[in-house]
Amino acid sequence: GSKAMATITVTSAEDDGSGGLTLREAIAQAAGTAGIDEIEFAANLSGQTITLTDVLTIADTDGVTINGDIDRDGQADITVSGDDSHQFVTFAANARGNVHNLSLTNGNNSGSSSDVAALIEIDTGAQAYFGGLTITNSTASGYDANPDSGREGGLAATIYVSASASL
């Protein structure tokens, strides 16, 4: 049988938990809800920018769709900014997610302490689908390749897909 789909509406452009339901809170709420969920944005957020305080993590194994097209014209109405200091999103192991019609800007994963410096990271077993996504003014560089760290090297990429994940 099919699982019910819940629609969760983001009502705040903040990323600190103030002013209503934030995108970060909506993603967490979707992960705690059975079935495939859709995250949409309230009409009054059209044209606004959500400035991230940290990377967004999608861990929903049932599946979640984030759609930034508020007026359904096929264009992004929401911008997500990495504040020149954060990557945009990580899909955790075995997560399933769709990201549509979002404008991503000012992402930065320079000087990363992991093996991968990516603006969007898709971990082992995860499935991620994108449509209508634009990424501007963003940098993925400076991964930690310090020989003292025990790492053999690293990779800088806009989107990093783990070997057994699907894009």
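Before anything else, a definition: when I say that two residues are in contact, I mean that they have heavy atoms within 4.5 Å of each other. With that in hand, residues 24 or more positions apart account for 75% of the contacts in this protein chain with a separation of 6 or more.

What you see above is a predicted model, in which local features need a pLDDT of at least 70 and side-chain atom pairs count only at pLDDT 80 or more, while totals for chains, interfaces and linings use all residues. Residues are numbered from 1 along each chain as its sequence is written, and side-chain values use heavy atoms, with hydrogens and water left out.

Let me start with the elements. The protein chain has one helix and 13 strands, where helices (H or I, at least four residues) and strands (E, at least two) are runs assigned by DSSP and numbered from the N terminus. Reading from the N terminus, the order is β-α-β-β-β-β-β-β-β-β-β-β-β-β.

Now to the sheet. In general, strands of a sheet pair through backbone hydrogen bonds, either parallel or antiparallel. Here five strands form an open sheet in the order β1-β2-β5-β8-β11, and the pairing is parallel; two strands count as paired if DSSP finds at least two bridges between them. The edges are β1, residues 6-10, and β11, residues 127-131, each of which pairs on one side only. Neighbouring strands of this sheet are turned by 15 degrees against each other on average, with direction ignored; for such angles, axes are lines fitted to C-alpha atoms, for helices over the stretch in contact, and the angles run from 0 to 180 degrees between N-to-C directions. Helix α1, residues 23-31, packs on the sheet and touches β1, β2 (37-41) and β5 (64-67), and its direction makes about 165 degrees with that of β2.

Five bridges join β1 to β2, and Val-10 has Phe-41 as its bridge partner in β2. Next, β2 and β5 pair over three bridges, with Ile-66 in β5 as the partner of Ile-39. Then β5 and β8 pair over four bridges, and here Asn-67 stands opposite His-100 in β8. Finally, strand β8, residues 96-100, is joined to β11 by five bridges, and Gly-97 has Ala-128 as its partner.

How much of the protein chain is buried? Of its 167 residues, 41% count as buried, and buried here means under 20% relative accessible area, with exposed meaning over 50% and partly exposed in between (1.4 Å probe, protein chains only). In strand β2, four of the five residues are buried.

The next topic is the nonpolar core, meaning a set of buried Ala, Val, Leu, Ile, Met, Phe, Trp, Tyr and Cys residues joined through side-chain atoms within 4.5 Å. The largest one has 32 residues, and Leu-23, Ile-39, Phe-41, Ile-58, Ile-66, Phe-91 and Leu-102 touch the most other members. The largest share of this core, four residues, comes from α1. Not counting residues up to four places away in sequence, Leu-102 touches several residues, among them Phe-41, Ile-66, Val-80 and Leu-133.

How many aromatic pairs does a search of the whole structure find? There is one, where rings of Phe, Tyr and Trp (its six-membered ring) pair if their centres lie within 6.5 Å, and planes under 30 degrees apart count as stacked, over 60 as edge-to-face and the rest as tilted. Phe-91 and Phe-130 form this edge-to-face pair, at 5.9 Å centre to centre and with 85 degrees between the planes. Phe-91 lies in strand β7 (residues 89-91) and Phe-130 in strand β11, 39 residues apart, and the pair links distant parts of the chain. Phe-91 is buried at 0% relative accessibility, whereas Phe-130 is partly exposed at 25%.

I will end with the backbone. Most residues other than glycine have a negative phi, and most peptide bonds are trans. Arg-72, although not a glycine, has a positive phi of about 60 degrees, and Arg-72 is found in the loop between β5 and β6 (78-81).
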